[in-house]
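Thanks for making time this morning.

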Amino acid sequence: MTEDTGATGPGPLGRALPRTHDPRLLRGDGRYVDDIAGPQRGVLHAAVLRSPVAHGRVTRFDATAAREDSGAHLVLGPDGIARHTGPLPTFWRLPGQWQHTIEVATRTVRYVGQPIGLVVADSRAAAEDAAERVEVSIDPLPAVTDVDAALAPRAPLLYPETGTNAAGRIRLGDPEADVERAMADAAHLVTRELAVQRVSVAPMEPRGLLAEWTPATQQLTVCSSTQVPHPVRCGLAAALRLRADQVRVTVPDVGGGFGGKTTLYVDETLVCLAAKLLGGRVAWTEDRAEAMAADYHGRGQRATARLALDADGRFLALDARVRGDLGAFATQGGSGPFQITGLSLEGPYRFPCAGATVTGVYTNATPTGAYRGYGMQEACWIRERLIAEAARELGLDPGELRLRNLITVGEMPYTVRAQTTYDTGDYPATLQRAMAAVAERPRVRTGRLRRGVAAVPSVEGTGYGPTALLEQIGLEASGWESGRIRINEDGTVTVFTGAVSLGQGIETALAQIVADRLGLPLERIAVRLGDTDTSPHSDYSSQASRSLVLCGTALLRAGERLRARMDALAAALLETVPEDVRLEADETFRGEKTSRTATWREVAARGWLGWGRPEHDRIRLEESVDYDPPDITFAHAAHAAAVAVDLDTGVVTVEGYWAVHDSGVLVNPLIAEGQTVGEGLGMALLEEADCDPATAQPLRRGLADYPLPAPADVPPVEVAHTRTPSPHNEGGFKGLGEGGILPVAAVVAGAVADAVPEIAAGLNRTPLTPYRIWTLLREAGLA
Amino acid sequence: MTRDAAAPSTRERTVTLTVNGATHSARTEVRTLLSDFLRHTLGLTGTHVGCEEGVCGSCTVLLDDVPVRSCLLLAVQAAGARVETVEGLAVDGELTPLQQAFMAEHGLQCGFCTPGILMSLTAAEREGLSEPETADEVLAGHRCRCTGYAGIRAALRRSRAGTGQGGGAGEGAR
């Protein structure tokens, strides 16, 4: 299935190797946080008190009964929390956004599930029992959960003192006046209202942590299921008023992240506060109902979008007015996903003029944050629905219209109007390949079943990012990564970097890079991740398709330096010159001229001894490299789908799916393929974390209400990888953690439109549920 | 959660059962789920809890050879039973052919849902269900957010090819 493995030499780089830690996970020896905390004696357990209403003022928090006769060790309410904490910092804001922090102590609740207090007892069950005895009174306030309703006159205000639910606004790309000018004389203009639903990020392992306060040393040690140990440390230090080095965050096995574990949450902060106040260990793992309500949701945006074309079907201008649903408050990353929608609006196409206006909107719903491929997936939806609709209105083949406007190889590197620069890639060839997969597919119509196909290209910004770029867009985080490699005195190799392992196989891929550069077998390499005491600093760790590109490049460089040092040490021992030294497959250095040999282990041991060392040579067999990328690397892809639409039920069945993906040089094609076949069909067809508009109550409270794609929902996906190396790093790497989700909704909608053109104009929001499709069919007189 | 005013002793029972061939006996509250009993009382944390409502299948164990959701059973219901969990599959650390196939085909990513899937597929193989039946019906009882099920299906195919139990076998099972 996969072609062009990318293997470039005899080493493990580019080989489809099984992952090094799989046997442990398969035996049931995973170490997820509740596996560590659950069976331990002496660990107390927390339950979080949450708001049952979407908007209201907490007027009473009476824990008398809970404290007196339920065995609770600690009950914290808004006043107690306020006494001991400060707010959490944010790092990405909109111009005009007054809210710079997240309150930890809550007296006004603004979404169902918002933490109000915490109860700690001997077991989770006892803590839940005690929590039921806390008496909380809330004066309800009017609530609003829809972004457009929130912006309407006389809408209930979440922060009445500001006079609006708009948090702030930014224009990205070309100014509005330029776009209007470009559109004024266009031969064709397509305008649509395009929405992407809120989704629950829903990793199979919910969030959880084990916090321990050691009174003697005044240290907080936190084992947390997180993607970002350093930001968690930073947030905890700020909220609990500690020095950064009083807090250590470690990351055990993580049962999936998908963006949902990329920040420190208020409830997690409360658990750490409880550990500090009690002077011991407190554990908490949320249940699925809490995860649905309280984990920051992904997506949630509306856009008024316009595409202008000339008489020949060439794109003239693209514009989107995006209303992003921030939820109850702006999270640490806040409007970031919506801003990325604006910055990646143009995708793989040539636009003489393009821009987006992004408004962040407060609503009485769960705050929103990162979810796999954020911003880029929404942008792809907007762009590709407009293009497909333009083709339909003009009577053109949508594939032909796309090919006419795709950026070609000869135009690379190409700077889009939003000022990012694509490095490499043959976008038309990739799309043509995906189109070919479905071109010959018979679109058989049997009775009330209609069939259609579509192919859609996408481009994925990966390896975020150059720190100077983050500074330029006002994102208060660094983009660099470090890699540190130590050759131990016994010749084994330990690798430290800022990435975190959450199922993406990063430890294996990084080990392959190091093994390749050192010339050792994979089993010599141990990769240690996720510990703020030992891992290099990282503001982003593992998210945004960046670990392989950034940590990988840092380690590649560190590996080359260390190998050169080992060659020099070996040469001294073998009484020859480094150029004469060869490392054999049996881990033995051989001096060609002197015919003497020394094992890798002997050379390492001698290195640490320092015997015979020239005065200015480094001693420690350790190299550390900081890598701040010169630019973003852009992966690209094209997906194709064949669907059947049942005119009686509105059910869309995906009968075939193809992905052509280019992420530059692949370190491990087996892992790469797994990353490419993601969960995108859930967003396209099934998942929506919606609220009842009348009561503002969330409608999805567990996996019985929230349909994650089941095996029958996901057809076999045929994946092909092409390889266009990135020029920005010597490995030629591009990221691929999110590409698999970007075009999925757009390609499924395109295929539905192909099957039933009568409803194409109404395919404006996801998920394309049977009810939504059936409603459109009925309106079209087909159902 | 119930709010029982009775003394804890009347709310507790001693549960004796065998897990992976070893007999265990422990006091537990009658309301304790089998999943929590296995994980927290016996320390067998390979069985994972993903939803606590019987949807995701992560907590699947075998109870007298039958796959069950351990989050939907009380520990007291398993008294006297023979329970098998993921920890019992590999013998002396040697992975079963199914586990090896999961590794070879990248049938797991974060690994959280994997133990439950392994137990269901192991039971299906013992029952003689064919590979297509297993892929269509047994796997349907599991949710995986990472893999898109591709690697899992491939692992199932590989393990059956290795044991000669490919398509067509097992008519009349169940």
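Let's start at one contact between the two chains. The side chains of A:E687 and B:R145 form a salt bridge, 2.6 Å from N to O. Bear in mind that this is a predicted model.

How many salt bridges are there between chain B and chain A? The count is four. Now the wider interface. On the chain B side, 49 residues make contact, and they meet 53 residues of chain A. Together the two chains bury about 4100 Å². Carbon and sulfur atoms account for 57% of that area. Why quote an area at all? Because interface size is often given as the accessible area lost when the parts come together.

Next, inside chain A. The domain assignment gives two domains here. Domain 1 covers 430-458 + 632-783, and domain 2 covers 467-627. Their C-alpha centres are 40 Å apart. The contact between them uses 16 residues of domain 1 and 17 residues of domain 2. The buried area is about 1200 Å², with 60% from carbon and sulfur atoms. Which residues of domain 1 lose the most area to domain 2? They are A:V667, A:E730 and A:F733, and together they make up 42% of what that side buries.

On to the nonpolar packing. The largest nonpolar core has 200 residues. Those with the most contacts inside it are A:L220, A:V748, A:V752 and B:F102. Which helix gives the most to this core? That is α21 of chain A, residues 744-755, with 10 residues. Take A:V752 as an example. Beyond its neighbours within four places in sequence, A:V752 touches A:V643, A:V645, A:V652, A:I759, A:L763, A:L768 and A:I773. Another core lies apart from the largest one. That other core has 45 residues, including A:I487, A:C551, A:L555 and A:L562.

Last stop, a sheet in chain A. It is open, has three strands, and runs in the order β6-β2-β8 with antiparallel pairing. β6 (108-109) and β8 (135-140) stand at the edges with a single partner strand each, so one side of each has no neighbour in the sheet. Strand β2, residues 56-62, pairs with β6 over two bridges. In β6, A:T108 is the bridge partner of A:R57.

That's my tour. Over to you.

Notes:
Residues numbered from 1 in each chain as written. Chains lettered and ligands numbered in written order. Predicted model: local features only at pLDDT ≥ 70, side-chain atom pairs only at ≥ 80, totals over all residues. Heavy atoms only, no water. Pairing = 2+ DSSP bridges. Helix = DSSP H or I, 4+ residues; strand = E, 2+ residues; numbered from the N terminus. Core = buried A, V, L, I, M, F, W, Y, C linked by side-chain atoms within 4.5 Å. Buried < 20%, exposed > 50% of the residue type's maximum accessible area, 1.4 Å probe, protein only. Contact = heavy atoms within 4.5 Å. Domains from an automatic or database assignment. Buried area = accessible area lost by both parts, 1.4 Å probe.
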